[in-house]
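User: I am new to reading protein models. Could you walk me through this one, feature by feature?

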Amino acid sequence: MHVPPVNLRPILQATEPAWRERLSELFARMHFILGPQLEGFEEELSAAFGAREAIGVGTGTAAIELCLRAARICTPQQEVITSALTAPFTGIGIAGAGPKLRLADVDPETLLLDADDAGNRASRKTAAIVPVHLYGQPCEMTRLRAVARTLRAVLIQDACQAHGAQHKGKPLTRYSPYVCYSFYPTKNLGCLGDGGAVLTNQAGVAKRLRMLRDGGRRGGQVSYVTGINSRLDEMQCCYLRAFLPSLEEWNADRARTAASYDVLLSGCEAVRRVGTNGEAVHHLYVIRAARRNRLREHLAKKGIGTGVHYPVPLHLMPAFRDSGLRRGDLPHAEKACREIVSLPLWPYMPESMVQYVAEQVRAFYRS
Ligand SMILES: Cc1ncc(COP(=O)(O)O)c(C=O)c1O
């Protein structure tokens, strides 16, 4: 059996009439940037996620960079702390705005940013903390908000893996005015190219972000500040508007698959699921596995594709050498990177495939 790590075909098929209709509107109108599809999508997204405003941008990376610029955190005298266990793009977005990147360790169970470690590594220069809702699990935002308040730092949430997630029953925008999303195709809500958005409840933040994403312009040909060029284009909005109404159903389907894996792998002592809280939207199904690389080789031979999110913590990536940390400095993130593996997961994944993957994991450890 062939089991890819992700398969977008079922969701494209299920929504085909809706995206075809949007594309017909697009080609009738011939307006490709900053047009009615973006306006419509921003309204629908903010309503669906319980926020006052949504601002479509070019990527999740740009969403993070733009939030820092909007908060005027863009000089090397300022520092921004994030988790060492995340996509490198979290760090790239921070570095792109101009402040110094600082990295903190993760909680060994949840693999989410450890608020206490972030607080301990902060200094008077710390201007922002960027918690990452990794694998679809929301971070402990109440604790992080308290740490940020003590430091007088801004909280910019990287929700690039957490579309539709809430925390303690409230929208993520209740915890800070900057919530960043990516619409990279494999995300819970993805487009068919690059895309991203910021959600906020503050009208002033939204206004500034709209200016910054469009080269610092205010609708005309004059730039008022040196923004960047990072707009969510009309064609991607056609797909996103067709997909958004199904997000809840797709997240429920991911949860069903994750629950099946939980049952099928229970009692297999060599693997342990990365702790998820009840609010997770199951972007990835991640286990910590003994002899991880050998397990992946075995699964690949059986036709099963897996991923590692992520194999190297940010402080050990050459791009982030300036963080000033060395091997051994963030032990929980480093250990996790050696053990984690993401099993196949996507909406409408057949149960027979879930069973086959779990059976092959068990077979590897039996042999
Ligand atoms: C946690 C996290 N942060 C940031 C990003 C960057 O998003 P994008 O690829 O849209 O720039 C991603 C996606 O790759 C991500 O998973």
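Predicted model: local features only at pLDDT ≥ 70, side-chain atom pairs only at ≥ 80, totals over all residues.

Analyst: α4 (60–70) and α5 (88–97) each supply at least two residues of the shell around the ligand. Helices here are DSSP runs of H or I with at least four residues, strands are runs of E with at least two, and both are numbered from the N terminus. Residues are numbered from 1 along each chain as its sequence is written.

User: Which residues around the ligand come nearest?

Analyst: Thr59, Gly60, Thr61, Phe89 and Ser182, out of 15 residues around the ligand. By class, the shell has five nonpolar, eight polar and two charged residues. Ala, Val, Leu, Ile, Met, Phe, Trp, Tyr, Cys and Pro count as nonpolar; Asp, Glu, Lys and Arg count as charged; the others, Gly among them, are polar.

User: How many residues of α5 are buried?

Analyst: First, the rule. A residue is buried if 20 or more other C-beta atoms lie within 10 Å of its own, exposed if 12 or fewer, and partly exposed in between, with C-beta atoms placed from the backbone. In α5, seven of the 10 residues are buried, so the helix is largely enclosed by the rest of the structure. Phe89 is one of the buried residues.

User: What covers the buried residues of α5?

Analyst: The cover includes α4, β2 (79–83), β3, β4 and β5 (154–158). Contact is the idea behind this: two residues are in contact if their C-beta atoms, placed from the backbone, lie within 7 Å. α5 lies across β2, β3, β4 and β5, running at about 175 degrees to β2. Such angles run from 0 to 180 degrees between N-to-C directions, with axes fitted to C-alpha atoms, for helices over the stretch in contact. Just after α5, glycine 98 takes a positive phi of about 120 degrees.

User: How do I read the sheet, and what is its strand order?

Analyst: Strands of a sheet pair through backbone hydrogen bonds, either parallel or antiparallel. Two strands pair if DSSP finds at least two bridges between them. Here, an open sheet of seven strands has the order β1-β9-β8-β5-β4-β2-β3, with mixed pairing. β1 (53–57) and β3 stand at the edges, each with a single partner strand, so one side of each has no neighbour in the sheet. Look inside the sheet too: β2 and β4 run parallel, joined by four bridges. Glutamate 79 stands opposite threonine 126 in β4.

User: Where are the domains?

Analyst: Domain bounds come from an automatic or database domain assignment. That assignment gives domain 1 (9–245) and domain 2 (246–366). The contact takes 36 residues from domain 1 and 32 residues from domain 2.

How values were computed
Near = placed C-beta within 6 Å.
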